[in-house]
Amino acid sequence: MQMLINNLTVLKHPVISHNLAIIRNKNTDCENFKNAIKKITYALILEASKDIPLIEAEIETPLVKTKVKVFDKNSQLILAPILRAGMVFCEVASEMLPFANIHHIGMYRNEETLEPVWYYDKKKEIIENKEKEKVIILDPMLATGNSAKDAIDNFIKKGIKEENITFMCLISAPVGVKKINSCFPKVKIITSCLDEALNSKGYIVPGLGDAGDRIYNTIE
Ligand code: URA
């Protein structure tokens, strides 16, 4: 079951709720934190990729020949994890969509201004049919929306159409959702939860803390 508000999809499922409870709990260790994220990622990536085109093929079952639908290996799909926390989505996403190109986006948040600072932008250059290219941006937390806005803007400047961009996150805050919505009304947002607000440091509340620190066990 899912709830749709404009371009926002909040996926609802008991498996998601259970695993959200695990990742929110400050006592969950790094291993269980990552495992719970993976379980939610399977659901989110299925939703985020539900419109990718398929082609017909003919195969033989042990009994007969039959027509089937399979991935079009020439489909143009980019999975774009925002480093470093976005990498946790990437393993599951590329397992399920193995033909996708991976475009790593390196940015971190300036803790004073809460603005993103870029340090990496790696992508295979597409020469033809840019208008057909689909992009799924992967970042566990949609907080202020500043990094998300920059990442989306970067793809639009490269010629990707707004309606072909999806932003996938575990937890979103209303301010981030509104920012994407007002700047890019055609961009789809897929999340497993819409939380209440941000605190004064730009962290999502109730949230789960710093996603990167909890995934990579770098909490000080
Ligand atoms: N990034 C995080 O890792 N957590 C938040 O709550 C907000 C941004």
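Guide: What follows goes through helix packing, then the ligand, then some backbone details. This is a predicted model, in which local features need pLDDT of at least 70, side-chain atom pairs count only at pLDDT 80 or more, and totals for chains, interfaces and linings use all residues. Residues are numbered from 1 along each chain as its sequence is written, and side-chain values use heavy atoms, with hydrogens and water left out.

Visitor: OK, at what angle do α1 and α2 pack?

Guide: Helix α1 (residues 14-24) and helix α2 (residues 30-48) pack at an angle of about 150 degrees, and their axes are 9 Å apart. Helices here are DSSP runs (H or I, at least four residues) and strands likewise (E, at least two), numbered from the N terminus. Axes are lines fitted to C-alpha atoms, for helices over the stretch in contact, and angles run from 0 to 180 degrees between N-to-C directions.

Visitor: What does that make them relative to each other, α1 and α2?

Guide: The two helices α1 and α2 are therefore roughly antiparallel to each other; the wording follows cut-offs, with angles under 35 degrees counted as roughly parallel, over 145 as roughly antiparallel, 65 to 115 as roughly perpendicular and the rest as oblique.

Visitor: Which residues make the contact?

Guide: From α1 the contact takes Ile 16, Asn 19, Leu 20, Ile 22 and Ile 23, while α2 supplies Asn 32, Phe 33, Ala 36, Ile 37, Lys 39, Ile 40 and Ala 43, where contact means heavy atoms within 4.5 Å. These residues of the contact of α1 with α2 divide into nine nonpolar, two polar and one charged, with Ala, Val, Leu, Ile, Met, Phe, Trp, Tyr, Cys and Pro counted as nonpolar, Asp, Glu, Lys and Arg as charged, and the others, Gly among them, as polar.

Visitor: And how do α2 and α3 pack?

Guide: The angle between α2 and helix α3 (residues 87-96) is about 45 degrees, again with axes 9 Å apart. That makes α2 oblique to α3. The residues in contact include Ile 37, Tyr 42 and Ile 45 of α2, and Val 88, Phe 89 and Met 96 of α3; the contact of α2 with α3 divides into ten nonpolar, one polar and four charged residues.

Visitor: Which residues of α4 and α5 meet?

Guide: Asn 146, Ala 148, Lys 149 and Ile 152 in α4 meet Lys 179, Ile 180 and Cys 183 in α5. The axes of α4 (residues 146-157) and α5 (residues 174-183) come within 9 Å and cross at roughly 25 degrees, and α4 and α5 are therefore roughly parallel to each other.

Visitor: Switching topic, what surrounds the ligand?

Guide: Around the ligand are Arg 109, Met 141, Ala 143, Gly 202, Tyr 203, Ile 204, Gly 209, Asp 210 and Ala 211, a residue being near a molecule if one of its heavy atoms lies within 4 Å of it.

Visitor: Which ligand atom lies 2.8 Å from the backbone of Ile 204?

Guide: An oxygen atom of the ligand lies 2.8 Å from a backbone N or O atom of Ile 204. A polar backbone atom of Gly 209 is 2.8 Å from a nitrogen atom of the ligand, and a polar backbone atom of Ala 211 is 2.8 Å from an oxygen atom of the ligand.

Visitor: Last one: is the peptide bond from Val 205 to Pro 206 cis or trans?

Guide: The bond from Val 205 to Pro 206 is cis, with omega near 0 degrees, and Pro 206 lies in the loop between β14 (204-205) and α6 (211-216). The peptide bond from Leu 83 to Arg 84 is cis, with omega near 0 degrees, and Arg 84 is found in the loop between β5 (77-83) and α3.

Technical notes. Polar contact = N/O pair within 3.5 Å; in protein donor to acceptor, adjacent residues only side chain to side chain.
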